[in-house]
Structures are given as C-alpha cells and as structure tokens.
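This report describes the fold of a single chain and then a selection of its residues. Please look over the sequence and the structure below before reading on.

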Amino acid sequence: MTAEIIATVVAAVLLCVGCLGIIVPVLPGSILVVVALAVWAFTVQTAVGWVVLGVGGVLALAGMSASAVLTGTRLKRRQIPNRSLLYAAVGAVVGLFVIPVVGLFVGFVVGLLLSETARRRDLRAALASSWAALKALGLGIVVEFGCALAASTVFVLGAVVLFTTA
C-alpha cells in the first residue's frame, strides 16, 4: 500500500506540473500528464488504474491534438507563416533571460510583432496579424488545458475509488 500512496502523490505532483506546463510552455504539459497517469497505473496495477490511464490519456492526447489543429488552422487561415512563430519563440527565450518573470510572454509578443512588422511592412497589419496569432495560440492553450484538467479529474476520481475500495 505504501508504493501506491507514493505513486499517487508523485502522479498528483506531475499532473499539477503538467497543467502548469500547458500555460507556461516551458514544460511538455500534456505529455507530462500522460506520463503521470502511466506511472500511477503501472504502480497500482488495478482495473481502476488502467481505466484512469485509458480515459485520462485519451483526454490529454485529444487536448494536445485539438490544440495543434485549432491553432494551425487559424494561423493558416490568416496566412501567418511558421517563421513568425519561430521568431516569437526566439523572442520568448531572449525575454526569459532579460526580464526574469514575465519575459517569456513579453519576449514572445515582441518577437511575433517584430517578425510580422518586417514581413508585412505595415504596423497596423502587423498588429492585426499578431493579435490573430495570439488569439489562435490562446484558444489552443485553453482547449489543451481544459482536457488536461479533465484528465486530472479522472485521476482524482480513480484515486478516490482505489483507496476507498481497498
């Protein structure tokens, strides 16, 4: 029973870190959620654990896929190239070191805006396309975060069932 308790605590911590990793894209959020569920299921080795891994894993992977599809579709519709997102990511890394706490977000926005300004040669059009890109990325994050929270809820319900029926 001790290994199950330790695995439950470790999985809960990994789920929290995974959910935060979706909001702050430094950690692989949804992948960490699936890993946490797998660690828990392989440790407890009960039907409850496997059901939690199956349902929670499907939810987390669906969120990750939906995020990629929704974001990609919206960016293609607005004809925003991947190069702009690459410059935004470089800006995020630079911002992380220049401004300690919020630099990741500020650097991303500045990198995206500079890239779009250079591409469009018009500040107004660059602001519009940058805003559209940020909304698309935000929608993807919200969907992925919601699915990760649903997977975490499945884990909590599974842990309650496991420990109350044991």
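Among contacts in the chain between residues at least 6 apart in sequence, what percentage join residues at least 24 apart? The share is 64%, where contact means heavy atoms within 4.5 Å.

## Basis of the description

The model is predicted: local features need pLDDT of at least 70, side-chain atom pairs count only at pLDDT 80 or more, and totals for chains, interfaces and linings use all residues. Residues are numbered from 1 along each chain as its sequence is written, and side-chain values use heavy atoms, with hydrogens and water left out.

## Overall fold

The chain contains six helices and zero strands, giving the pattern α-α-α-α-α-α along the sequence. Helices (H or I, at least four residues) and strands (E, at least two) are DSSP runs, numbered from the N terminus. The chain is more spread out than a compact globule, because its radius of gyration is 19 Å, well over the 15 Å that the globule rule gives for 166 residues. That radius is taken over C-alpha atoms, and the rule is 2.2 Å times the number of residues to the power 0.38. Along the principal axes, the C-alpha atoms fill a box of roughly 65 × 35 × 20 Å.

## Surface and charge

Of the 166 residues, 36% count as buried. Buried means under 20% relative accessible area, exposed over 50%, and partly exposed in between (1.4 Å probe, protein chains only). The accessible surface of the chain is about 9200 Å², and carbon and sulfur atoms account for 77% of it. Accessible areas come from the Shrake-Rupley method with a 1.4 Å probe; for residues, only the protein chains shown count as cover.

The chain carries 10 positive and 4 negative side chains, and the centres of the two sets are 16 Å apart. Lys and Arg count as positive and Asp and Glu as negative, while His and the chain ends are not counted. Each charge is placed at NZ of Lys, CZ of Arg, CG of Asp or CD of Glu.

A11 is in helix α1 (residues 2–23) and is buried, at a relative accessible area of 1%. Leaving aside neighbours within four places in sequence, A11 is in contact with A36, W40 and F155. The C-alpha atoms of A11 and V33 are 8.4 Å apart, with the two residues 22 apart along the chain.

S30 belongs to helix α2 (residues 29–44) and counts as buried at 2% relative accessibility. Not counting residues up to four places away in sequence, S30 touches I22, A60, M64 and E144.

## Two loops with positive phi

Q79 sits in the loop between α3 (47–77) and α4 (82–98). Its phi is near 55 degrees, a positive value in a residue other than glycine. Q79 is exposed, with a relative accessible area of 62%.

R121 is in the loop between α5 (103–120) and α6. R121 is not a glycine, yet has a positive phi of about 60 degrees. At 71% relative accessibility, R121 counts as exposed.

L104, in helix α5, counts as buried at 12% relative accessibility. With residues up to four places away in sequence not counted, L104 touches V24, P25, V26, A92, G95 and L96. The C-alpha atoms of L104 and V93 are separated by 6.3 Å, and the residues are 11 apart along the chain.

S129 lies in helix α6 (residues 123–165). Is S129 buried or exposed? S129 is buried, with a relative accessible area of 0%. Its side chain makes a polar contact with the side chain of E116 at 2.6 Å. A polar contact is a pair of N or O atoms within 3.5 Å; within protein, one must be able to donate a hydrogen and the other to accept it, and residues adjacent in sequence count only if both atoms are side-chain atoms. Neighbours within four places in sequence aside, S129 is in contact with R78, I80, E116 and R120.

L134 is also found in helix α6, and at 25% relative accessibility L134 counts as partly exposed. L134 touches F108, V109 and L112, not counting residues up to four places away in sequence. L134 and L75 are 59 residues apart along the chain, and their C-alpha atoms are separated by 9.6 Å.
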